[in-house]
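Here's a short tour of one protein model, written for someone who is new to reading structures. Keep the 3D view open and follow along as the text moves from strands to helices to loops.

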Amino acid sequence: MDIKYSFTYWGSDHLSPTQFIQDIHAAGFDGAELFLTPTDGTSKEFMVAIDAIRKENPDFYFITLQLPFPQQETAAAHIQVMEENYRKLADLQPLFINSHTGRDYFSFDDNCRIIDAALNFSVKNGVRILHETHRGRFSFHTATLLPYLKKFPEIELVGDFSHFCTVSESMLADQKEILQQIVPHVAHIHARVGYEQGPQVNDPQAPEWQGHLQQFASWWQQIIDARKLGGQSLFTITPEFGPAPYMPTAPYSRRALSNQWDNNVFIREYLRRLLR
């Protein structure tokens with residue numbers, strides 16, 4: 001299995017798009033995960049920077065993030081904004097679109113309408129759309145995700161299991177059979193270590209979090225193994241430790257308790273040694 005690693009622009013917006021792309025390429029990352037708004041100049045600068053890198057490394061890839069922000073949060077409005085975002089992002093020709101899809105408080109039927117619209121767009125426009133497992137979305141909880149997977153067996157997920165841990169206030173020890181049904185749908189990993197009370201530990205290198213790191217690594221290996229069985233030869237991972245305030249901070253000073261860049265490089269190197 002050829003595993004490639006991307007770096008998220010989330011938390012690096014103090015850097016210009018050109019500087020960011022140059023920095024992560026120099027650090028040995030294979031791609032970038034970007035929240036793009038195609039109508040602004042930032043997206044154009046990203047595309048120029050990526051094209052320049054591809055002259056040296058033709059396989060450098062990028063992933064785009066779709067976040068719907070309708071003025072009225074109804075299923076119909078969600079679909080309209082989502083499809084508009086998809087159209088703009090598809091024109092940029094990403095490796096795939098990582099979609100924040102549906103809402104946790106929408107009905108099952110409304111979320112199914114939204115997922116169906118996403119799948120139809122993907123087929124009609126020839127762009128892969130993956131749906132992130134995330135708090136606040138249709139995919140926020142392990143058990144409630146299963147009916148959607150049964151109805152849409154072709155669905156592909158971005159696996160960020162830290163959200164499952166937070167929602168369940170557990171390390172999912174009693175949900176192994178449920179996870180086994182989710183794992184084969186995961187086509188991209190957000191490699192962040194969460195815990196029972198939050199989606200991000202303060203430092204994945206700290207000894208007190210080694211049990212959590214090993215548990216997440218076990219899940220990630222299960223995902224890789226499932227993809228291998230399916231005959232897949234390439235898999236992408238984005239180490240996704242985020243900035244403050246997602247990153248835990250010290251009181252009063254609000255100083256981040258560890259370094260986002262260092263955390264994500266550490267996770268990449270850890271997984272390079274571990275995953276097979």
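## Starting at a strand pair

In β8, K4 has T236 as its bridge partner. What you're looking at is a predicted model, so treat each value below as computed from that prediction.

That bridge belongs to a pairing of two strands. Strand β1 covers residues 2-8 and strand β8 covers residues 234-239, and the two run in the parallel sense over four bridges. If pairing is new to you, strands of a sheet pair through backbone hydrogen bonds, either parallel or antiparallel.

β1 also pairs with β2, again in the parallel sense, this time over three bridges. Here F7 stands opposite A32 in β2.

Now zoom out. How many strands make up the closed barrel? There are eight, in the order β1-β2-β3-β4-β5-β6-β7-β8, with parallel pairing. From one strand to the next, the twist averages 30°.

## Helices lying across the strands

Helix α2 (residues 41-56) lies across β2 (31-34) and β3 (61-66), and runs at about 160° to β3. Helix α3 (residues 75-90) lies across β3, β4 (97-99) and β5 (129-132), at about 165° to β3.

## Helices packing on helices

| Helix pair | Angle | Distance between axes |
|---|---|---|
| α8 (residues 210-229) and α9 (residues 260-274) | about 55° | 12 Å |
| α3 and α4 | about 20° | 10 Å |

Take α3 and α4. With an angle under 35 degrees counting as roughly parallel, these two helices are therefore roughly parallel to each other. α3 passes α4 in a right-handed crossing. On the α3 side, the contact is made by A75, A76, H78, I79, M82, E83, Y86, R87 and A90, and on the α4 side by D110, R113, I114, A117, A118 and F121. Sorted by class, that contact has 10 nonpolar, one polar and four charged residues.

Next come α8 and α9, which pack at an angle of about 55°. That makes α8 oblique to α9. The crossing of α8 past α9 is right-handed. Which residues meet there? L213, Q214, A217, W220 and Q221 of α8 meet F266, I267, Y270, L271 and L274 of α9. By class, the contact of α8 with α9 has eight nonpolar, two polar and no charged residues.

Helix α5 (residues 142-151) gives you a look at burial. T142, L145, L146, Y148 and L149 are buried in it. The cover over the buried residues of α5 includes α4 (108-125), β6 (157-159), α6 and α7.

## Around α6

T166 sits in helix α6. Is T166 buried or exposed? Its relative accessibility is 16%, so T166 counts as buried. Leaving aside neighbours within four places in sequence, T166 is in contact with R135, Y195, E196, Q197, G198 and P199.

Setting aside its neighbours within four places in sequence, S170 touches C165, Q175 and E196. The C-alpha atoms of S170 and Q197 are 8.0 Å apart, although 27 residues separate the two along the chain.

Finish with some backbone details. Q93 is in the loop between α3 and β4. Q93 has a positive phi of about 60° although it is not a glycine, and with a relative accessible area of 65% it is exposed.

In the loop between β8 and α9 you'll find R254. R254 isn't a glycine either, yet its phi is positive, at about 60°. R254 is exposed, with a relative accessible area of 65%.

P245 is found in the loop between β8 and α9 too. What is the peptide bond from A244 to P245, cis or trans? That bond is cis, with omega near 5°.

Conventions: Residues numbered from 1 in each chain as written. Predicted model: local features only at pLDDT ≥ 70, side-chain atom pairs only at ≥ 80, totals over all residues. Heavy atoms only, no water. Axes fitted to C-alpha atoms, helices over the stretch in contact; angles between N-to-C directions. Parallel < 35°, antiparallel > 145°, perpendicular 65-115°, else oblique. Left-handed = near helix turned anticlockwise from the far one by under 90°. Contact = heavy atoms within 4.5 Å. Nonpolar A, V, L, I, M, F, W, Y, C, P; charged D, E, K, R; others polar. Pairing = 2+ DSSP bridges. Buried < 20%, exposed > 50% of the residue type's maximum accessible area, 1.4 Å probe, protein only.
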